[in-house]
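Take a look at the fold below. This report covers its sheets, then its helices and its cores.

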Amino acid sequence: MDVEQFRRAGYQAIDRICDYYISLRDKPVSSQVEPGYLRKALPASAPVEGEDFQLIADDYQKYIIPGLTHWQHPSFFAYFPTACTFEGILGELYASSAPTPGFNWSASPACTELEAVVMDWTAQILGLDKAFHNISEVGGGVIQTTASDSALIATVAARSRYIREHPHVAMEKLVLYTTTQTHSLGKKAGLVLGLKVRALEVTAEDDFALRGETLEAALKEDVDAGLHPFIIVATIGTTSSGAVDRLDEIADVAKNYPFLWLHVDAAWAGVALVCPEYREACQLSAVNTYADSFCTNFHKWGLVNFDASCLWVRHRKHLTDALDITPEFLRSKHGDAGTVIDYRNWHLGLGRRFRSLKFWFVLRSRGVAGFQKYIADCIQLNDKFVERIRESDQFSFVAKPFLALTVFRLAPKSLPHLTTLELNALNRSFYAQLAARSDIAITQTDLNGVFCVRLVVGAEKTVESDIDRALDVIGEEGRATLREWERTWGP
């Protein structure tokens, strides 16, 4: 492909992307293909001779788009949102047009310097303490791929720090703390690093949040048993329930264990800190006072295309002490002098993509006010959903609604005698009906043995009429499930 061919193909690609978004509302939310559809459609091997690019572009429309689940669809309420903006798309396009491996400052100075700047910009708009800013030259921020990577990096740094201070402690004695509501990233970090992981119990009575007394009991038990807890992964906005662990209580206990690293995972909810009115609910003050590391994903609720996970640390030296390996061929004058950041020492890989460019595009195009409006609009739409669920005789909340997340179940007041097991069976049938539909996407979860359904608002194109329609669909399937239940089991 020469420059002029690229120009024509690029114009067509942009046109087709625009057409895709214009028609998005008319598409099914979920892909309707069957497993293995693509292998049946494509040749068994790559072509020997190159093909005309127009054919390739047309095959994208023909074969790939039907296999996509449309996460930006206005009726996508599953999992957590995955951000996509036109500014982010253009940022990715420009970044891919001048590839750079970004392993040190010299590889492309703009790549490193822009990341340092936009990580400070994002820290500022979230209200993070200056200790987390790159300009402090003590702490700082770095773009990772996902919150799982951020948690893994924090765990590596925490382990390294602990072993340096306790060189005679055997690795098998180390313990990583999570809760029973922590994302799987905690267990995965333990699996990758060969660490013991202890999930501390949380209860519905505490809104599924970790309390200080639970942590204190676990620490005493484990220390008395000769174990060495060295990190706790606390969460602001857990996946299943939106729970917010009590950071003040955790920190009050942790002060007696000075080498216990506090990593705060706010992968979804953290971006809400851009709105000052939600900072107290998201415990910003405690994050700024106590956290050793903090993560939020701008590729979830932050308008920046995947991947865009932000990790800030209070002391960057803990990262570089754990991860700095500099062979001769990677040395540079500025790196040796310590006058620049070499981000390869802030993550597991060597090379890294130019992800800061899409941050820069989105932050400048939307401004702080644009971010605040988007977050507030999502929460307002969820508030409408919450109000209707609260007024309903069919449904009840399983967890306290938080920001743009609602966790609920079918629990009709006409059937007050149903046991938890019966309600779980009823809700599995209800969810199966919802999951079979192609015009809405919602996910299931389990909260301490209670099967339930979760809805989260996050697609930028979602408007009030989409919430009304979601309520209609949920109500319709709820009534159908109840009719079938009563036919089978009686009223």
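## The seven-stranded sheet

Start with the open sheet built from seven strands. Their order is β1-β7-β6-β5-β4-β2-β3, and the pairing is mixed. Look at the two edges. β1 (140-144) and β3 (196-200) stand there, each with a single partner strand, so one side of each has no neighbour in the sheet. On average, neighbouring strands here are turned by 20 degrees against each other, direction ignored. Keep in mind that this is a predicted model.

Strand β2 (residues 174-179) and β3 run parallel, joined by five bridges. Which residue in β3 is the bridge partner of tyrosine 177? The partner is arginine 198.

## The four-stranded sheet

Another open sheet has four strands. Here the order is β8-β9-β11-β10, and the pairing is antiparallel. The edge strands are β8 (395-397) and β10 (443-447). Each has a single partner strand, so one side of each is left without a neighbour in the sheet. Neighbouring strands in this sheet are turned by 45 degrees against each other on average, direction ignored.

β8 pairs with strand β9 (residues 405-410) over three bridges, in the antiparallel sense. Phenylalanine 397 stands opposite phenylalanine 408 in β9.

Two helices lie across this sheet. Helix α14 (residues 356-391) lies across β8, β9 and β11 (450-456), at about 25 degrees to β9. Helix α16 (residues 464-489) also lies across β8, β9 and β11. α16 runs at about 25 degrees to β9.

## The nonpolar cores

The largest nonpolar core holds 105 residues. Which of them touch the most other members? They are Ile236, Trp268, Trp301 and Leu403. Helix α14 gives the most to this core, with 12 residues.

Notes: Residues numbered from 1 in each chain as written. Predicted model: local features only at pLDDT ≥ 70, side-chain atom pairs only at ≥ 80, totals over all residues. Heavy atoms only, no water. Pairing = 2+ DSSP bridges. Axes fitted to C-alpha atoms, helices over the stretch in contact; angles between N-to-C directions. Contact = heavy atoms within 4.5 Å. Core = buried A, V, L, I, M, F, W, Y, C linked by side-chain atoms within 4.5 Å. Buried < 20%, exposed > 50% of the residue type's maximum accessible area, 1.4 Å probe, protein only.
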